[in-house]
Amino acid sequence: MTDRFARPDGSTTYPCNLTEALYCGGTWRGTINHLDYIQGMGFDAVMISPVIKDFEELTPYGEAYHGYWAEDMYSLNSHFGTHEDLLDLSQALHNRGMFLMMDTVINNMAQFTNGGDLTKDVNYSALNPFNNQSFYHPYCQIDNWNDYAQSQHCWTGNNVVALPDLNTEDERVQTMLEMWIQQMILTYSIDGLRIDAAKHITPGFLRKFENAADVFMFGEVYEQNVEIICGYQDNLMSSVTNYPIWFALIETFTLGHTEALPNQVETMKNRCPSVTGLTIFSENHDIPRFASLNNDINLAKNVLTFTLLFDGVPIIYQGQEQHFAGSRDPYNREALWPSSYNRSSPLYSTIATLNAIRKHAIRIDPDYYIDYNTYTVFRGWYEIAFRKGREGRQIIMVLSTKGSNGDSYTINMTNAFQPSVVVRDVLSCRTWTVSETGVLRLDMNNGEPRVLFPEAMMRGSGLCGYSLGGGT
């Protein structure tokens with residue numbers, strides 16, 4: 001979230017009042033100054049807030065610091081910086097071999113109506129380029145958010161902040177949006193897109209927009225139903241947010257229902273065209289942070305382990321690495337700078353290690369690892385173990401729901417590795433040897449996760465005393 005990531009003056013003390021929900025001063029230039037912090041965790045891409053101009057009025061909900069109240073699609077949000085600043089951010093990322101992704105709003109425009117009558121009080125002429133009422137669906141209120149016809153034709157805002165719903169069935173609107181995104185991608189060398197509120201966009205337009213953009217794109221579809229999520233990937237777009245897994249992940253690590261996550265993993269594997277093509281996350285700006293539901297640091301490590309090592313494109317929300325604990329919007333949109341960008345925090349180090357082993361597994365098995373479907377290899381009262389990768393190159397993540405007050409004990413795993421294989425936990429750097437009968441007696445301690453990898457394949461990982469690229 002650009003406004004909350006880094007200020008250009010480098011301040012770590014500038015106040016950011018979450019309740020008032022005002023601009024706090026984060027910019028693209030500030031982001032450039034802290035790319036080392038992001039890359040230090042091993043990330044390949046940075047996804048920024050929508051970049052286009054929002055309306056400037058102060059509303060009862062605060063200002064448009066988040067970037068979702070679009071007024072002019074052909075101007076930039078000056079609070080975030082200039083045309084040159086955004087070009088420089090793109091160049092700085094590409095110079096590092098990283099990618100620039102942009103959050104994108106194509107479902108609606110926005111206007112502050114302050115309690116007006118939405119059938120007559122929207123000033124369409126102030127919206128660019130969709131400056132005429134004919135570009136929009138007639139106003140109607142969504143009474144049932146599970147009614148897809150309503151969700152796609154009615155307006156998602158209210159009479160304080162109106163969100164006039166673009167008629168994306170209209171070929172004029174489609175062409176204008178396609179031309180706009182092609183110009184943005186070409187101008188700023190954008191490598192990928194998130195489509196906000198994809199659930200509310202005319203389904204038939206999603207694939208057309210993706211083809212016009214011709215970059216990696218995923219849609220935000222806030223939906224727990226596996227059939228619906230997989231249906232999007234079947235027919236409408238290549239990738240969407242894996243919300244069914246998020247719901248199961250939260251149930252498992254806040255309620256201790258260890259069966260929820262492996263059951264959902266199996267369900268999605270059998271239903272979706274490609275779970276490995278979805279985006280996987282455990283926090284974002286629309287949902288409560290995990291630490292607001294359970295503040296246990298070791299449970300957070302388990303959640304991060306699954307997020308980064310499960311199938312799909314993993315996404316980490318800024319502040320997650322500092323164990324931020326904001327609840328729902330606006331409290332989950334904290335400024336990052338009070339953390340002083342601490343690289344010694346436990347979760348920062350955990351993320352860096354997990355990204356390193358993931359990259360190493362991909363590097364040594366590029367043709368298979370990414371597309372390999374994760375499956376469950378162990379279930380206990382408090383533990384779940386998942387495998388990803390071919391035999392001899394697999395990662396086994398062993399997760400615990402016990403938390404930091406958990407005791408020390410041993411579990412016996414019989415189908416994780418071949419007999420006599422030496423395995424290393426990359427989080428603790430301890431090793432274990434599988435017995436000649438194929439039993440791995442694995443020590444568990446204080447609810448910490450284990451991430452096991454064959455010792456014989458550790459060379460070049462940059463972990464546990466092995467140098468990056470080879471040697472020890």
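Analyst: The model is a predicted one, in which local features need pLDDT of at least 70 and side-chain atom pairs count only at pLDDT 80 or more, while totals for chains, interfaces and linings use all residues. Residues are numbered from 1 along each chain as its sequence is written, and side-chain values use heavy atoms, with hydrogens and water left out.

A disulfide here is a pair of cysteine sulfur atoms within 2.5 Å. By this rule the structure has four disulfides. With the bonded cysteines numbered in sequence order, they pair as 1-2, 3-4, 5-6, 7-8. In the link between C16 and C24, the S to S distance is 2.0 Å. Both C16 and C24 are buried, where buried means under 20% relative accessible area, exposed means over 50%, and partly exposed lies in between (1.4 Å probe, protein chains only).

Another of the disulfides joins C140 to C154, again described by its S to S distance, 2.0 Å. The torsion about its S-S bond is -105°, and the link of C140 and C154 is left-handed. C140 lies in the loop between strand 5 and helix 5, and C154 in the loop between helix 5 and strand 6 (161-162), so the bond ties together parts that are 14 residues apart in sequence. Helices (H or I, at least four residues) and strands (E, at least two) are DSSP runs, numbered from the N terminus. C140 is partly exposed, at 24% relative accessible area, whereas C154 is buried, at 6%.

C230 and C272 are also joined, with their sulfur atoms 1.9 Å apart. This link of C230 and C272 is left-handed, with -80° about the S-S bond. It connects distant parts of the chain: C230 is in helix 8, and C272 is in the loop between helix 10 (260-271) and strand 9 (279-281), 42 residues away. C230 is buried, with a relative accessible area of 0%, and C272 is buried at 7%.

The loop between helix 8 (226-235) and helix 9 (243-255) holds S239. S239 counts as buried, at 1% relative accessibility. Its side chain reaches the backbone oxygen of G277 at 2.6 Å. That is a polar contact, meaning a pair of N or O atoms within 3.5 Å; within protein, one must be able to donate a hydrogen and the other to accept it, and residues adjacent in sequence count only if both atoms are side-chain atoms.

Turning to the rings, the structure holds 21 aromatic pairs. Rings of Phe, Tyr and Trp (its six-membered ring) pair if their centres lie within 6.5 Å; planes under 30 degrees apart count as stacked, over 60 as edge-to-face and the rest as tilted. The rings of F5 and Y341 have centres 6.1 Å apart and planes at 70°, so the pair is edge-to-face. F5 belongs to helix 1 (residues 2-5) and Y341 to the loop between strand 10 (313-315) and helix 13 (346-364), so that distant parts of the chain, 336 residues apart, are linked. F5 and Y341 are both buried. The pair of Y124 and Y136 is tilted, at 5.1 Å centre to centre and 40° between the planes. Y124 and Y136 are both buried. Ring pairs also link Y222, Y243, W246, F247 and F281 into a cluster.
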